Each structure stands twice: as structure tokens, then as C-alpha cells.
Amino acid sequence: MLNKILLAFLSAAILASVSCNSEQDDLAKAQQCLDELDVSVTNNKAEECLQYIDKYDSQQAKILKCSIYMTSGGLVESKIVNAYKALKEDTQANKHATYMTLLSLDNPTATLALPKAQNANAYCQASGVPGLQYLSNAILVGTSLNATIESFNGGSGIDPTDTTAMNNMIESMLTTCTDPAATPTDKAKCAENLETMGSAALALSTTYCDSTEADKDVCGQINGAVQSAGVDPANIGQALICYLKDLKFDANTGTCATN
């Protein structure tokens, strides 16, 4: 099941004793609630599992809350597997953008799932677990990218089963959002999720990408964006769009520039 995949490397933490037996019982109920979900369909009922652990603030509770919001937003095993494959395939048109967009929460759409990605990220970061912190930030960037794609396509985001259409949608969005001559309407669409995207990228740069275990494929783009844009989240978001398009970010103009 999804939550088992997300938490496999945290089994020791999940099974650790807690100070109150009632909390331990409620954590077990929340875990069972997640285990019994049918992950072959969208899990609109996942957030019902929160009822058992809403009042708790332990690390175990935060980990479960993170998993619940991810599940509610539509994260399934296949997304993680497909995203990883895209990152490792050199033939992928834009593997870095594709990797993060494939991780996006999209139940019922990326735009509507963005608050779920933000909720998940808050609990994942608070858990203090590096693996979850990295994954949730990558998901938040990807959901922001997919939400921007939706704004250009009448509410329709990427379809992971149609590689050609998916690559075209990602590339079209990046092209428009790096074009200085884009229309004011298109520029407004591009700007909608830049702050959220930039905040997640900044967090990745200062935590995961600063570690020896960091994936250089992902962190090259992330660190480049942060180093060129400073600490303003919206600027970092725009810089990341530039880097994903193999362009540089001009901090003086707030736009992309050729290398």
C-alpha cells in the first residue's frame, strides 16, 4: 500500500513506543485506515484517517499526517516509480521537469490538490525525516508545475500514460513562461504558483541539496535557481523555470536570459 511504500524506511520510527497508550492506539487506527484504502482509485476518503490523530503532535503523528495528505492528493506507487525512471533516462526530453511533474498531486486536479501538497509538506518538514522532507518538497514543486500547465490547458494537467503529450505540455509551459514577449495574460498564469514553487526549491537547496546524499541531477537545477535569485520565493520560482529550460535567470530584470 502507498503509505507502506512512503514509510518503509521509517518502520523503526513508526513502531517506536509513545508516551501514551491512547496515542499509540490511535496511531494504529490511522495506520489501519490507510492500509485499508483502495489505492487503485482516487482516495477522497484518505483524510478521514486524520480523525484518529488530529490532536497529536508527535513525530509519528506528523509522519502519518504527511502520508494521509499525500494519499488524499493522489500519490500512488506508480508515480514514484515513473518519476524515478524519467529522472534516470537520458532520452527524456526534459527529465528534471518531468521528474517533478510526474510526482505532482492531482486529485481531483493539480490546482485543487495544491493545498493538500502544502499540508503534506508542512507535516513532512516538521517530522524531521530527511527522506520525507525531500520527497514532499519535490512533490510541491511538481504540483505547482502541473497546476501551471493546467492553467494553460483548460484545467487539464499531464497524462503520465501519454508520454508525447506530456512532454509537449511541459515544454510548452516552460517555453511560454520563459518568453519575455509572452502576453500579460500568459505571464499572469505563469506567476500564479511561482512563490509556492520557489519556497519548496529554497527548502530543497538548504536541506537535501546541501547533503552528501543529494541527487546531483535534481540539485543542479535547484541550487542554480537559488544561487541566481537570492531568497525571494517568487524570484526563485521564476529562476527554476529558467533553469529547467536551460536558461539563466537575470536578477536585475526578473526574467530569463540565454546562457
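## A first look

How many helices and strands are there in the protein chain? The protein chain has 13 helices and two strands. Please keep in mind while reading that this is a predicted model.

Of the 259 residues in the protein chain, 51% count as buried. The accessible surface of the protein chain is about 11,700 Å², and carbon and sulfur atoms account for 50% of that surface. Contacts across the sequence are also worth a look: among those in the protein chain between residues at least 6 apart in sequence, 64% join residues at least 24 apart.

## Cysteine pairs

A disulfide is a covalent bond between the sulfur atoms of two cysteines. The count for this model comes to five disulfides. If you number the bonded cysteines of the protein chain in sequence order, they pair as 1-2, 3-4, 5-6, 7-8, 9-10. Three of these links are described below, one after another.

## Linking helix 4 and helix 7

Cys-66 and Cys-124 form a disulfide, with 1.8 Å between their sulfur atoms. Cys-66 belongs to helix 4 (residues 59–72) and Cys-124 to helix 7 (residues 110–127), so this pair ties together parts that are 58 residues apart in sequence. The link of Cys-66 and Cys-124 is right-handed, with 40 degrees about the S-S bond. Cys-66 is buried, at a relative accessible area of 1%, and Cys-124 is buried too, at 0%.

A pair of aromatic rings is described by the distance of the centres and the angle of the planes. The model has two aromatic pairs. In one of them, the rings of Tyr-69 and Tyr-123 have centres 6.1 Å apart and planes at 5 degrees, so this pair is stacked. Because Tyr-69 lies in helix 4 and Tyr-123 in helix 7, the pair ties together parts that are 54 residues apart in sequence. Are these two tyrosines buried or partly exposed? Tyr-69 counts as buried, at 13% relative accessibility, whereas Tyr-123 counts as partly exposed, at 26%.

Cys-177 sits in helix 9 (residues 163–177) and Cys-190 in helix 10 (residues 184–191), so the pair ties together parts that are 13 residues apart in sequence. Cys-177 counts as buried at 8% relative accessibility, and Cys-190 counts as buried at 7%.

Another disulfide is formed by Cys-242 and Cys-256, whose sulfur atoms are 1.9 Å apart. The link of Cys-242 and Cys-256 is left-handed, with -85 degrees about the S-S bond. Here a helix meets a strand: Cys-242 lies in helix 13 (residues 233–244) and Cys-256 in strand 2 (residues 255–257), so the pair ties together parts that are 14 residues apart in sequence. Cys-242 and Cys-256 are both buried.

## The nonpolar core

Which residues have the most contacts inside the largest nonpolar core? They are Met-70, Tyr-99, Leu-145, Leu-240 and Ile-241, in a core of 74 residues. Helix 8 (residues 130–152) gives the most to this core, contributing nine residues.

Setting aside residues up to four places away in sequence, Leu-145 touches Ala-97, Met-100, Thr-101, Met-173, Met-197, Ile-241 and Leu-244.

## A buried asparagine in a loop

Where is Asn-94 found? Look in the loop between helix 5 (77–88) and helix 6 (95–102). Asn-94 is buried, at a relative accessible area of 10%, because buried means under 20%.

One of its polar atoms lies 3.2 Å from the backbone nitrogen of Ala-97, and a polar atom of the Asn-94 side chain lies 2.6 Å from the backbone oxygen of Leu-244. Leaving out neighbours within four places in sequence, Asn-94 is in contact with Glu-171, Leu-174 and Leu-244. Ala-97 and Leu-244 are also among the residues that Leu-145 touches.

Methods
Residues are numbered from 1 along each chain as its sequence is written. This is a predicted model: local features need pLDDT of at least 70, side-chain atom pairs count only at pLDDT 80 or more; totals for chains, interfaces and linings use all residues. Side-chain values use heavy atoms; hydrogens and water are left out. A disulfide is a pair of cysteine sulfur atoms within 2.5 Å. Helices (H or I, at least four residues) and strands (E, at least two) are DSSP runs, numbered from the N terminus. Buried means under 20% relative accessible area, exposed over 50%, partly exposed in between (1.4 Å probe, protein chains only). A nonpolar core is a set of buried Ala, Val, Leu, Ile, Met, Phe, Trp, Tyr and Cys residues joined through side-chain atoms within 4.5 Å. Contact means heavy atoms within 4.5 Å. A polar contact is a pair of N or O atoms within 3.5 Å; within protein, one must be able to donate a hydrogen and the other to accept it, and residues adjacent in sequence count only if both atoms are side-chain atoms. Accessible areas come from the Shrake-Rupley method with a 1.4 Å probe; for residues, only the protein chains shown count as cover. Rings of Phe, Tyr and Trp (its six-membered ring) pair if their centres lie within 6.5 Å; planes under 30 degrees apart count as stacked, over 60 as edge-to-face and the rest as tilted.
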